[in-house]
Amino acid sequence: MAKGSKKIALFFVAFLFLATPNFNIIDLLPDFFAYFLLARLFRDSREIVPHFEEAHAAFIRLFYLTLAKLPALVVMFFNMYSGRDIVPLFTLVFTVIEGILLFNAINHASEG
């Protein structure tokens, strides 16, 4: 398989992982795999295109943020006895932070 077609296949797999819907904070195909793949793809070109360095860093931050959803999910389930208000709170917080980081990543990736 040629190197270019391998990158296109990895972009497609990353898109597939990102395109699946998540229910509250639970994602069937975790987004952190997609962000890891995208960071890996941008790592190769970050010395050639300066904006790809920032895109790579943003995808790494997104990887860690979505990976942090797993312990947050455990905390959310253990605090369900006090009310179900924690579910929209965690969902809102993670969605806002992920949206800000994703805007930054897309902005730098498209400038390159």
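**View 1. Ten aromatic pairs are counted in this predicted model, where rings of Phe, Tyr and Trp (its six-membered ring) pair if their centres lie within 6.5 Å, planes under 30 degrees apart counting as stacked, over 60 as edge-to-face and the rest as tilted.** One of them joins Phe11 and Phe42 edge-to-face, with 6.3 Å from centre to centre and 85 degrees between the planes. Phe11 belongs to helix α1 (residues 3-19) and Phe42 to helix α2, so the pair ties together parts that are 31 residues apart in sequence; helices here are DSSP runs (H or I, at least four residues), numbered from the N terminus. Phe42 is buried at a relative accessible area of 8%, whereas Phe11, at 38%, counts as partly exposed; buried means under 20% relative accessible area, exposed over 50%, and partly exposed in between (1.4 Å probe, protein chains only).

As to the basis of these legends, the model is predicted, so that local features need pLDDT of at least 70 and side-chain atom pairs count only at pLDDT 80 or more, while totals for chains, interfaces and linings use all residues. Residues are numbered from 1 along each chain as its sequence is written, and side-chain values use heavy atoms, with hydrogens and water left out.

**View 2. Phe36 and Phe63 form a tilted aromatic pair, with 5.8 Å between the ring centres and 45 degrees between the planes.** This pair links distant parts of the chain, since Phe36 sits in helix α2 and Phe63 in helix α3, 27 residues apart. Phe36 is partly exposed, with a relative accessible area of 41%, whereas Phe63 is buried at 17%. Both rings belong to a cluster in which ring pairs link Phe17, Phe32, Phe33, Phe36, Phe63 and Tyr64.

**View 3. Lys69 and Glu98 meet through their side chains in a salt bridge, at 3.1 Å from N to O.** The criterion is a side-chain nitrogen of Lys or Arg within 4 Å of a carboxyl oxygen of Asp or Glu, and a search of the whole structure finds one such bridge. Lys69 lies in helix α4 (residues 69-78) and Glu98 in helix α5 (residues 86-111), so the bridge ties together parts that are 29 residues apart in sequence. Lys69 counts as buried at 10% relative accessibility, and Glu98 likewise counts as buried at 11%.

**View 4. Helix α5 packs through its buried residues against α2 (31-45), α3 (50-67) and α4.** The buried residues of α5 are Ile86, Val87, Phe90, Thr91, Phe94, Glu98, Leu101, Ala105 and His108. From α3, Leu65, which is buried with a relative accessible area of 13%, touches Phe94, Ile97, Glu98 and Leu101, not counting residues up to four places away in sequence; contact means heavy atoms within 4.5 Å. The C-alpha atoms of Leu65 and Glu98 are separated by 7.3 Å, although these residues are 33 apart along the chain.

**View 5. Tyr64, Leu67 and Leu70 make a nonpolar surface patch of about 290 Å².** Patches consist of residues with over 30% relative accessible area and no salt bridge, like charges being joined within 9 Å and nonpolar side chains (Val, Leu, Ile, Met, Phe, Trp, Tyr) within 5 Å; accessible areas come from the Shrake-Rupley method with a 1.4 Å probe, and for residues only the protein chains shown count as cover. Leu70, found in helix α4, counts as partly exposed at 46% relative accessibility.

Conventions: Helices (H or I, at least four residues) and strands (E, at least two) are DSSP runs, numbered from the N terminus.
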